[in-house]
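Please look over the points below with the model open beside you.

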Amino acid sequence: TTQQLVAVSVLCRLLTVSLYTNNAMYSHIATFIAIAIMALVGSADAFFGGGGDSGGGGGVGTKLTYKGKSVVVKEGTPLKNAVSKLGYKPKYSCKKGDCGSCTVTVGGSRIKACVGKVPPAPKLKSVQEKGLELR
């Protein structure tokens with residue numbers, strides 16, 4: 001949340017000040033804030049992003065969307081297989097990635113479907129929920 005981000009930002013600033021000034025007071029304040037944030041959140045997930053479904057990889061799939069359809073596929077899956085699940089049929093010519101006729105846009109990045117892989121899941125939750133749009 002925004003409050004967690006502000007708290008972490010303040011914590012980083014205090015730690016920086018304590019390192020540069022060798023002032024133990026700032027270090028104690030930073031430690032107190034870190035403990036308070038962990039107590040509010042319930043764990044160290046506020047700092048390290050949590051494990052399971054908080055995104056970005058580690059076995060978590062990437063959500064792809066096309067014309068209202070969505071599918072979750074494992075990161076690194078061949079892109080041609082993933083787009084076929086969505087009903088998208090890219091044009092193929094050389095099937096080696098040389099000609100570029102199979103190029104599709106996935107979340108703003110252009111990838112050659114015949115040789116490309118599904119990108120990792122985005123780290124932003126809002127983009128995770130919507131999925132990477134296929135064009």
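How far is the sulfur of cysteine 99 from the closest cysteine sulfur?

1. The closest cysteine sulfur to that of cysteine 99 is in cysteine 94, at 3.6 Å, which is too far for a bond. A disulfide is a pair of cysteine sulfur atoms within 2.5 Å. This is a predicted model, where local features need pLDDT of at least 70 and side-chain atom pairs count only at pLDDT 80 or more, while totals for chains, interfaces and linings use all residues. Residues are numbered from 1 along each chain as its sequence is written, and side-chain values use heavy atoms, without hydrogens and water.

2. For cysteine 114, the closest cysteine sulfur is that of cysteine 102, 3.2 Å away, again too far for a bond. The structure holds 0 disulfides.

3. Cysteine 114 counts as buried because its relative accessibility is 10%, whereas cysteine 99, at 42%, is partly exposed. Buried means under 20% relative accessible area, exposed over 50%, and partly exposed in between (1.4 Å probe, protein chains only).

4. Valine 106 lies in strand β3, residues 103-106; strands (E, at least two residues) and helices (H or I, at least four) are DSSP runs, numbered from the N terminus. Valine 106 is buried, at 3% relative accessibility. Its C-alpha atom is 4.7 Å from that of leucine 134, 28 residues apart along the chain.

5. The largest nonpolar core has 18 residues, and Val106 and Leu134 are among those that touch the most other members. Such a core is a set of buried Ala, Val, Leu, Ile, Met, Phe, Trp, Tyr and Cys residues joined through side-chain atoms within 4.5 Å. α4 gives the most to this core, with 3 residues.
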